[in-house]
Each structure stands twice: as structure tokens, then as C-alpha cells.
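We will go from stop to stop, picking residues and looking at what surrounds them.

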Amino acid sequence: QARLQLRSFGKPVELVRVELPPGAQLLRSPQPGYTVEIVGDRQDPPPPDVRQAVDIKFERPHTSPPEIQLKTERVLESERQDDLIEVAGFRVVGAFRQSGHIALAAGSESYPRWNEGPFIRRINSLPDSLQQESILASFEYFRQPCSLEVQIKRRESQVAVETFHTLLVESERLRLETHLDVTVRGAKASFLDVDMQDWVVEDVE
């Protein structure tokens, strides 16, 4: 997701063209004050190395146009999970100067590794408008084209188990009551394998 704020120091702006990151597909999200159209042949989704471009046309010319919001997605094929993905490619074509911030966020099932390219650096904090609890890393760029390549890694589950056993000795058999206190860190765990060896399970609570 990108938010672009434009300023014109000359004549008012009516139309701008924005290049999206390689392989990114535009998600339609109508906003007041402007329209967004894909340039050229539309491919859903575009090839991983192709930059799709969009034209943003404002309802009327502005020297300080309304903020542009663009939402994109890129679906990774299972065999390409280790590919490096360029995420710093929202470039306004013909802009005299372009700078801004990038926030990397991740869900509970994955985490990113990144390579910082030219004209970008990691920073400690973001503007208040970009703050989110899920943000893992923050960056600032001061020129385009800049580069920030991301590799998506699947987060592994780390399971810790504390057991409590009660052994009941009867005349013809042994009964073992076990309580498992399970703690999961990292990715969510949907099941737990327990090796019962020679014991027969009578009941699970």
C-alpha cells in the first residue's frame, strides 16, 4: 500500500503516472478526487519482472493535489517463496524530487528479511500516520529509483511443553494421568503429536 502526496512548484497538475513495484497488481480502491487507470495491456497478475504503470487523473488541476492511495498485491508461487521482492518501486514518473518512508509489517505466519539498496536507509521511528503494532522495520528513502528487496520467510512454531503425571497403581493395571501445559511461540500450531508408546489412551479432556 502506498500513499503519495504531490506538490507542484509550477503549473497545476492534472495527470501523473506512477510505476508500481515489479510484479505488483493494482487493487481497485476508488477514492474521491481522482481516478486510476492501468496503462497499456492489463495482465492479471503481471509477470514478476514487469512494472505495471497507472495514470492518476485528478477531477481538476491542483498545485497541491489530494493524497493518492494505491493498493497492490503480489501472490507468491510456492516454488518462488525464496525470491527477492522489490517493494520500493512506487515511482512518480517525471518527478523532480521524490522522498518518503517505507514500513515493513508482517503477520503471525511469516517474517521478512531485507536488503537495503541505494538511496535508502533504516530509521528508528516513522511519522505518526504510519505507526502500526505489526511494523517490524522502518526505512527512509530520499531519491527514486531506490531499492528495498524483501525475502519472505515462514515463521516456525516453537513449542514448549511442561508435563504433570499422576501414576495410579491397581491390582491388574497401571493408570497414568497426564496434564500437558503447552506454550507456542512464533507461528500458530494447529496440532500436537504425542508418542504414547505402549500406553492406551482412555480419555482426552
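The tour begins with some ground rules, then visits a sheet, some salt bridges and some aromatic pairs.

This is a predicted model, in which local features need pLDDT of at least 70 and side-chain atom pairs count only at pLDDT 80 or more, while totals for chains, interfaces and linings use all residues. Residues are numbered from 1 along each chain as its sequence is written, and side-chain values use heavy atoms, with hydrogens and water left out.

**Stop 1: an open sheet**

Colour the strands β4, β5, β2 and β8. Strands here are DSSP runs of E with at least two residues, numbered from the N terminus. In that order, β4-β5-β2-β8, they make an open sheet of 4 strands with antiparallel pairing. Two strands count as paired if DSSP finds at least two bridges between them. In general, strands of a sheet pair through backbone hydrogen bonds, either parallel or antiparallel.

Which strands are at the edges? Select 34-38 for β4 and 91-92 for β8: each of these edge strands pairs on one side only. Now zoom in on β2, residues 13-22, which pairs with β8 in the antiparallel sense over 2 bridges. There you will find Glu-19 standing opposite Arg-91 in β8.

**Stop 2: salt bridges**

Stay with Glu-19 and show its side chain. Glu-19 forms a salt bridge with Arg-91, and their closest N and O atoms are 3.0 Å apart. The term means a side-chain nitrogen of Lys or Arg within 4 Å of a carboxyl oxygen of Asp or Glu. Glu-19 in strand β2 and Arg-91 in strand β8 are 72 residues apart, so this pair links distant parts of the chain.

How exposed is Arg-91? Its relative accessibility is 25%, which counts as partly exposed. The classes, found with a 1.4 Å probe on protein chains only, are buried under 20% relative accessible area, exposed over 50%, and partly exposed in between.

How many salt bridges does a search of the whole structure find? The search gives 5. For another one, select Glu-67 and Arg-3, whose side chains meet at 3.5 Å, N to O. Glu-67 sits in the loop between β5 (51-62) and β6 (68-73) and Arg-3 in strand β1 (residues 2-4), so the pair ties together parts 64 residues apart in sequence. Both ends are partly exposed, Glu-67 at 29% relative accessibility and Arg-3 at 37%.

Next, pick Glu-140 and Arg-121, a salt bridge with its closest N and O atoms 2.7 Å apart. Glu-140 belongs to strand β12 and Arg-121 to strand β11, so parts 19 residues apart in sequence are tied together.

**Stop 3: aromatic rings**

Rings of Phe, Tyr and Trp (its six-membered ring) pair if their centres lie within 6.5 Å; planes under 30 degrees apart are stacked, over 60 edge-to-face, and the rest tilted. By this rule there are 3 aromatic pairs.

Select Trp-114 and Phe-139: their ring centres are 5.6 Å apart and their planes at 85 degrees, so the pair is edge-to-face. Trp-114 is in strand β10 (residues 110-116) and Phe-139 in strand β12 (residues 135-141). Is Phe-139 buried or exposed? Phe-139 is buried, at 0% relative accessible area, whereas Trp-114 is partly exposed at 24%.

Finish with Phe-119 and Phe-142, with centres 6.2 Å apart and planes at 80 degrees, so this pair is edge-to-face.
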